[in-house]
Amino acid sequence: MTRIGFDKYEDFYARRTGCMRSSVMRDLMAVTAMPDVISLAGGLPSTESFPAKTLARVTHEVATKACAAALQYGPTEGLEETKANIARVMEAENTLVNTDNIIVTTGGQQAIDLVCRILINPGDLVITEAPTYPGAIPSLCSFEANVIQVPLDEDGFRTDLLKDTLEKLKRAGTKPKFIYTIPNFHNPAGVSISRQRRLEMIAMARDYGLIIVEDNPYGQLRFEGEQLPTLYSLDQDDNVIYLSTFSKIISPGIRLGWLVAPPPILQKINLGKQAADLCPSTLAQMIVNEYFREARWQDYVEKVTRVYHKRRDAMLAALEKYFPEEAVWTHPRGGFFIWVTLPEYLNTVDLLALAVEEQKVAFVPGSGGWVDGSGANHMRLAFCGVPEDKIEEGIKRLAKVIREQMDLYRALRG
Ligand SMILES: Cc1ncc(COP(=O)(O)O)c(C=O)c1O
């Protein structure tokens, strides 16, 4: 975004624009699109793996057989067939859902935004992991949430610290509007919440009377290990709102996601969606529905997961080979991301500038996952969008910048 010294429209803006934040990933799009930069920044699905012939066939089918309907407005909650397909996708994660409880959204991002729109009053508390999905922060901030971030570790959300936080809030006579969590192959941390901790979270939701917002775009992209139950499937008390998207299992360009919620919440979400954009794209839904009819949707997911698996292995091997021993990183069992923790004296925002300028390699600085900008010594590395040879080269270049900065620090400290 261009910085303007004096803004003559200053007096026109709503107060909430003062709290609006840009997502660090969006800011990095321009840098990472530069052809000579190896981008380990964007969580870009491997769309080049998508079968172009299938897309051509299903698009042709929709255009020739149902052109007028595809070009028309549709119901706010989405087409019945889309919702039935969503139920099938969720069933693949052993999560049974009544299609009446589904609303189709414009990507998973809109699902997050709609939840914020209908639940948050300015100053309301929301609990997230620390770090959280950088793209959730602009929505939370736009609706002026007061965000409390609770650390995670290799087993995901630290439920012991979550409980401490809830107790503290209870003593102060308050509680959060909701807990936002990414249980599988977390963005940006790459970790998953263990079965035990999932059960604890569901118990806390019941005991403290809380809503959990479960955001699960990556659950189907597992390389190894047993599938873990969704929080939604564990919940017996209608305390979980479930969000997901077709972005990682078909394509982000389709811009279709979904939200599952108890009927009263869904009614409000529907009103919010009407205000936001009337309805999800009918054309995109009909293409997806035709795709579900024509192809076995799991085929592409299985294919692309094999691609990501190899890329993850390449990144882990390169990190082992090139990164200094002071660095530690997560070992994701699926998804897109590895989370690296560097010595505390390093600042990854500064490091990014050097990495792009001197070595033509990019990543997401860890501070993007914190509302208050902390987490400066972390970085998110995406292995999904780059072939193995480039991953190795990117990590090698990045290691060079990190080592130089560490040497500089040591020299300055004597
Ligand atoms: C955790 C999480 N939630 C939501 C989204 C947004 O999904 P969509 O591209 O469908 O809007 C993403 C995208 O990267 C994500 O990682």
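**Close-up views of helices in a predicted model**

View 1. V361 lies 32 residues away from E393 along the chain, and the C-alpha atoms of the two are separated by 9.1 Å.

**View 2. Helices α12 and α14, packed with their axes 9 Å apart.** Helix α12 spans residues 297–322 and helix α14 spans residues 388–412. The angle at which they pack is about 30°. An angle under 35 degrees counts as roughly parallel, and α12 and α14 are therefore roughly parallel to each other. Where α12 passes α14, the crossing is right-handed. On the α12 side, the contact is made by K310, R311, A314, M315, A318, L319 and Y322. On the α14 side, the residues in contact are E388, I391, E392, I395, K396 and A399.

**View 3. Helices α5 and α10, packed at an angle of about 115°.** Here α5 covers residues 107–119, α10 covers residues 263–277, and their axes are 9 Å apart. The angle makes α5 roughly perpendicular to α10. The crossing of these two helices is right-handed. From α5, the residues that make the contact are Q110, L114, R117 and I118. From α10, they are K268, I269, G272, K273 and A276.

**View 4. Buried and exposed residues of helix α13, residues 348–359.** Which residues of α13 are buried? They are T348, L351, L352, A355 and V356. These residues lie on the same side of α13 because they cover an arc of only 130° around the axis. D350, E357 and E358, on the other side of α13, are exposed.

**View 5. The ends of helix α13 and the residue that follows.** How far apart are the end C-alpha atoms of α13? They are only 14 Å apart, although the helix has 12 residues. A straight helix would reach 16 Å at 1.5 Å a residue, and α13 falls short of that span. Just after α13 comes K360, which takes a positive phi of about 55°.

Notes
Residues are numbered from 1 along each chain as its sequence is written. This is a predicted model: local features need pLDDT of at least 70, side-chain atom pairs count only at pLDDT 80 or more; totals for chains, interfaces and linings use all residues. Helices (H or I, at least four residues) and strands (E, at least two) are DSSP runs, numbered from the N terminus. The expected span of a helix is 1.5 Å times one less than its number of residues. A residue is buried if 20 or more other C-beta atoms lie within 10 Å of its own, exposed if 12 or fewer, and partly exposed in between; C-beta atoms are placed from the backbone. The arc is that of the directions from the helix axis to the C-beta atoms. Axes are lines fitted to C-alpha atoms, for helices over the stretch in contact, and angles run from 0 to 180 degrees between N-to-C directions. Angles under 35 degrees count as roughly parallel, over 145 as roughly antiparallel, 65 to 115 as roughly perpendicular and the rest as oblique. A crossing is left-handed if the near helix is turned anticlockwise from the far one by less than a right angle, and right-handed if clockwise. Two residues are in contact if their C-beta atoms, placed from the backbone, lie within 7 Å.
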